[in-house]
Amino acid sequence: MYLNCKTYYSFKYGTYSTKELVETATDNGVTALALTNINSTCDGWEFVKLCREQGIKPIVGCEVWAVGQSAVGQSAVGQSAVRPSGLQDHLLYILLAANNRGLAWILEFVSNHLMSKTNFPLPDQGTNFFENSWDGFVIYPLGAKTPESLLPNERIGICPWEISKLYGLDLKRYADKFVVRQPVTVQNKIYHNLHRLLRSVDKNTLLSKLVPGSVCHPDETFVSPAKLLDIFRQYPFIITNTYKLMDHCHIEMDFDTDKNKKTYGGSPEDDRVLLEKLASSGLIARYGNKNSSDSYRKAAQRLQKELAIINDLGFVTYFLINYDIIRYAQSQGYYYVGRGSGANSIVAYCLRITDVDPLELNLYFERFLNPHRTSPPDFDIDFSWTDRDEVIDYIFKRYGRKQVALLGSYPTFKHDSIIRQLGKVFGLPDEEIKALQRNNQPTDKIGKQILQYGKLMQGFPSHPSLHPCGMLITEEPIQHYATQFMPPKGFPTAMLDMFIAEDIGINKYDILSQRGLGHIKESLRLIKENKKVEIDIHDVPKFKTDRNVATQIREANTIGCFYIESPAMRQLLKKLRCDDYLTLVAASSIIRPGVAQSGMMREYIYRYHHRDKIEYLHPLFEEHLSETFGVMVFQEDVIKIAHYYAGLDLGKADILRRAMSGKYKSNNQFMMIKEEFFTHAKALGRDETLSAEIWRQMESFAGYSFNKAHSASFAVESYMSLYLKTYFPKEFMVAVINNFGGFYSRELYFLELLKTGGIIKAPCVNNSDHYTNIKGDDVYTGFIHIRGLQDKGIEKILEERKKNGPYLHLQDFIERTAIGLEQLNTLVSVGAFRFTGKSKKQLLWEANFLQKHNHPVLQRGKALFEEKPLEFKLPELIDQPLDDLYDEMEILGFTLSNPFAMVDDDPSRYVLSKDLEKHSGKMITVLAYFIARKHVVTKNNDAMFFGTFVDVELNWIDTVHFPDSALKYPLHTGGFYKLTGKVVEDFGVFSLEVHRMMNVGYKQRRYANL
């Protein structure tokens, strides 16, 4: 009888979780249950799995609605069709799959409309649903279609509150056409109130203005079977029809079978032979010929071992497809980095999927793939953000759009977004919403309601979205498993998240993008163009042994370099005085939250500098973790200790590592592996107290630290960036700017460029390009940084300049581009016409006159005779240097020179960054310019933050703002600050513990020649 149940995957509509819905059915003794989310099938397979575990027959379908929004993710239900004019959002019909063919038809039907953004057909349009009418059922709401017009597999659903409407129908003639429809949407009255709030959020309207037709009936709850039977006691044939329909529905899913693409070539055997051939060829390329050294023989043995495991576990095709992807990237000149646990594999190294030698770093293949591992292996392949979409497009075209999709995800409502959304629904002003977000203390009834319902709403999925990098390639069409929608990205995306995909046997391919590779690619282009030098960026062994590069790392001169430029990472590098590859690999993992939270990051730094004072927890730690001084730094270290200390084999040790991750920590597997660890340790005679401490250290970071191969991959890319930054600092920093920065805002990278000796020039209509360019030491800021300058205007400026040469003067520019007055004034104000030798004030006067009198007819080519521009007799109009700085701040968002020229104070009165060491332990005051901050919450739930500033010499000042200081002196905006505090030292790195903080103003601008 429960043919119409919804969960919170009816986005911003249902309030049941999938698990809660099934548990409620179990508690009520229900034996068959249908899931019909609104224009969504996101949790269909999770529902099937949960129902089977509870002995309930799962029925899967979809409730099809015409809704008022036109974009997936913007409406309550992810629906993309535009509703018919004048109609409220409303139910069209319910589709139920009688078998897997019917389910595939439903998934394809819904997908086609979501992806094409077209209306679903209306009930009266005579649509024939399902290729075979007995593959599924269509249930219409009462009044949507007459009984005589129904096809054999169509029914009319009667809700309990609609029984009175049956009196006017010819029930005897059409007795087999009616079924019970008890919608299940909310748990009770409280959740119905939450449902109304969700509908208001979805409609972006005040709760008081929510249209009644936008909400569900108050009785759309899980009514007991006995009560439903009593309600329909006068119509037993309707109940019989309902049971008959449910009996006809059977959905099958073997969760243990592999659904991925079966072969890369003609057959599994062909794939095996091909992988062995490619890997063997790569082995010679990586390690030399067969007679060269012991390293080749060791590598060959490891290769054969891995190939056997890969073949036995059925991952040959997975390797070949990843190889095909990187081979395509190589053919197109796309830069990539292969990382993740895949870098533990020598096969991946020989195929050049990764550039990390697993023998050099003693990496365990079992961390990547082992006979105990039932989940898919993991290759993370990073591409430049400029190339990634081309790679994705290749995968769709190479393996077929029916078999390929991007992986979906479901962002959830979290504390701040919940308060913001509900605050808007209740009509609170922005200041009150922000106050409630900060202190979580309601001051009135509305605030209490927001927190009350917000707590219920926590973790609800808000809309279907994209996984950051996952792609699916299946043997059967994707639409056998999932509905697809079309996000703004423009590629079909499956309504499956990574966990459900893995549960039903579909592996994801991780195709990521990162700006670090964009920095490298653009740097190489600029260096070749500006310095006429070509660099082999893959000559990493050379970079690792370069002394100047080592100095850069040791001094933490790493701004712009992938993964090692953040304030925390720069401080760590300085504390370690890191100047070698292995230490950088370790640092990449130490910085992760798990190691820091366990207290082992600080312990590692201490041991690094005091190696003679190391006390190992156990002799096995000294034997197997001496490289990291007895500290578990990498995920592999967890495997080592579980294997050598507790006696678990390598495969089970990896299961332990996975069990500690966020995904598995809440289930029984975690408790089972914990018990196994202690049981094995005790059997080996290990001290129980020591075992507990070792477990604590493993548990505290295993799910958050990197595997060693991952860290090594990051370190390789860091060395590439560091080499470019060391020897071509100007070109490198321009490349960072052209890839829109990294950890920091664009402003900092322009300041770094200034420190390299780059002569930064404001945008110029004759020298600037769309992006920033460099000519010798001269750097011309790109037009893209000008606020308010439209892309069409930029294209016209560049196109006309390329076609007909440089602009001669302001009048020539206006006549050739016919650019709008507002954008023309912006260009003048930013200094784009300084080549004319006239002041900006004079140019602004002339621009406004000339633009108004210009005829908007563009020349078809360069004029045969150059006419002199109009001359104007104006009073002397002089630009002040401060005016230029203010113009740059207003138009670009930052200055192109040292910002301290604008501060209304004397920087020479304050302590500089380079002198902090001289004042260690003392109270001082610095004058600093804000760069970045990081907010954290203490164990006592108090807010504090870490700040990053620069002084007048553009050198770093790192600050610590403990809760008392953070409360008294909040840091909300940028600009200049006087910071008073105590200089503190930690492993030779100095920072300022701020006690007082005060904003410092800017020099006053003069708008006239006074």
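Which residues does Ile 139 touch, not counting residues up to four places away in sequence? Here are some friendly notes, starting with that one.

Before the points: this is a predicted model, in which local features need pLDDT of at least 70 and side-chain atom pairs count only at pLDDT 80 or more, while totals for chains, interfaces and linings use all residues. Residues are numbered from 1 along each chain as its sequence is written, and side-chain values use heavy atoms, with hydrogens and water left out.

1. **Ile 139.** Leaving aside residues up to four places away in sequence, Ile 139 touches Leu 3, Tyr 93, Ile 94, Leu 96, Arg 155, Ile 156, Gly 157, Val 179 and Leu 245; contact here means heavy atoms within 4.5 Å. Ile 139 lies in strand β4 (residues 136–141). Strands (E, at least two residues) and helices (H or I, at least four) are DSSP runs, numbered from the N terminus. With 2% relative accessibility, Ile 139 counts as buried; buried means under 20% relative accessible area, exposed over 50%, and partly exposed in between, with a 1.4 Å probe and protein chains only. Asp 271 is 132 residues from Ile 139 in sequence and 47 Å from it in space, C-alpha to C-alpha.

2. **Helix α12 and its neighbours.** In α12 (residues 415–425), the buried residues are Ser 417, Ile 418, Ile 419, Leu 422, Gly 423 and Val 425. They pack against α4, α13 (430–439) and α14 (445–457). Just after α12, Gly 427 has a positive phi of about 80°.

3. **How α4 meets α12.** The axes of α4 and α12 are 9 Å apart and the helices pack at an angle of about 90°; axes are lines fitted to C-alpha atoms, for helices over the stretch in contact, and angles run from 0 to 180 degrees between N-to-C directions. The two helices are therefore roughly perpendicular to each other. For reference, angles under 35 degrees count as roughly parallel, over 145 as roughly antiparallel, 65 to 115 as roughly perpendicular and the rest as oblique. On the α4 side, Leu 197, Ser 200 and Val 201 meet Gln 421, Leu 422 and Val 425 of α12. By class, this contact has four nonpolar, two polar and no charged residues. Ala, Val, Leu, Ile, Met, Phe, Trp, Tyr, Cys and Pro count as nonpolar, Asp, Glu, Lys and Arg as charged, and the others, Gly among them, as polar.

4. Helix α33 (residues 821–830) and helix α35 (residues 881–892) have axes that come within 9 Å and cross at roughly 135°. That makes α33 oblique to α35. Thr 826, Ser 829 and Val 830 of α33 make the contact with Asp 887, Ile 891 and Leu 892 of α35. These residues divide into three nonpolar, two polar and one charged.

5. **The largest pocket.** About 1600 Å³ of space lies in the largest pocket. On a 1 Å grid over the protein atoms alone, a pocket is an open set of points with protein on both sides within 12 Å along at least five of seven lines, and lining residues have an atom within 4 Å of a point. Grid points are joined across faces, edges and corners, and a volume is the space filled by probe spheres set on the points. The lining has 48 residues, with Ala 568, Ile 591, Met 601, Lys 934 and Phe 946 nearest the centre. It divides into 24 nonpolar, 13 polar and eleven charged residues.

6. **Helix α19.** The largest share of that pocket lining, six residues, comes from α19 (residues 567–576). Seven of the ten residues of α19 are buried, so it is largely enclosed by the rest of the structure. The buried ones are Pro 567, Met 569, Arg 570, Leu 572, Leu 573, Lys 575 and Leu 576. Arg 577 follows α19 and has a positive phi, near 50°.

7. **Two loop residues worth a look.** Most residues other than glycine have a negative phi. Asn 204, in the loop between α4 (189–203) and α5 (225–231), has a positive phi of about 55°. Asn 204 is exposed, with a relative accessible area of 61%. Lys 532 has a positive phi of about 60° and lies in the loop between α16 (515–531) and α17 (540–544). At 67% relative accessibility, Lys 532 counts as exposed.

Conventions. 1 Å grid on protein atoms, 1.4 Å probe; cavity = no way out; pocket = protein on both sides within 12 Å on 5 of 7 lines; lining within 4 Å.
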